[in-house]
Amino acid sequence: PSPSVSSKLLLVVTLRDPVKRMFSEFYHNHYAGPARTTFHDWTADQLAMADRIEAKYGPDQLWPPVVSKDLHQGNFRLGTGLYAKQLLNWFKAGFDRSQFVVVAFDVYSKASAKERAD
């Protein structure tokens, strides 16, 4: 958007607990899939992928994982829980931190319609 429009935007960001998100990712896409593995082994693989990405591309390429796809073929899922890196991309694009309201997903999902509107 143009600077005059983007400076007026208020963005509400809901973030899941990163640990719950990671367990959910594992359960829905790895444990329940054809290549069953343990959470420990899957997490070790994810951390090893993060190490390879950082070694080749630097820490700024953990999110978004598109640039480093040659190292993980789309299987690097740890990056989706790196919320600070995701928000930094918005700030680098010119949005001000004051334009963001960050709310824990658990809190947001339990809020009434009036509380959400406020």
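Me: Is Val101 buried, partly exposed or exposed?
Reply: Happy to start there, with a predicted model in which local features need pLDDT of at least 70, side-chain atom pairs count only at pLDDT 80 or more, and totals for chains, interfaces and linings use all residues. Residues are numbered from 1 along each chain as its sequence is written, and side-chain values use heavy atoms, leaving out hydrogens and water. Buried means under 20% relative accessible area and exposed over 50%, with partly exposed in between (1.4 Å probe, protein chains only). Val101 has 34% relative accessibility, so the label is partly exposed.

Me: How many aromatic pairs are there?
Reply: Rings of Phe, Tyr and Trp (its six-membered ring) pair if their centres lie within 6.5 Å; planes under 30 degrees apart count as stacked, over 60 as edge-to-face and the rest as tilted. By this rule, the count is eight.

Me: Which parts does the pair of Trp90 and Phe100 tie together?
Reply: The two rings sit edge-to-face, 6.2 Å centre to centre with 70° between the planes. Helices (H or I, at least four residues) and strands (E, at least two) are DSSP runs, numbered from the N terminus. Trp90 and Phe100 are 10 residues apart in sequence, so the pair ties together helix α5 (residues 83-92) and strand β2.

Me: What is the angle between the planes of Phe95 and Phe100?
Reply: Both Phe95 and Phe100 are buried. Their rings form an edge-to-face pair, 6.4 Å centre to centre, and the angle between the planes is 80°.
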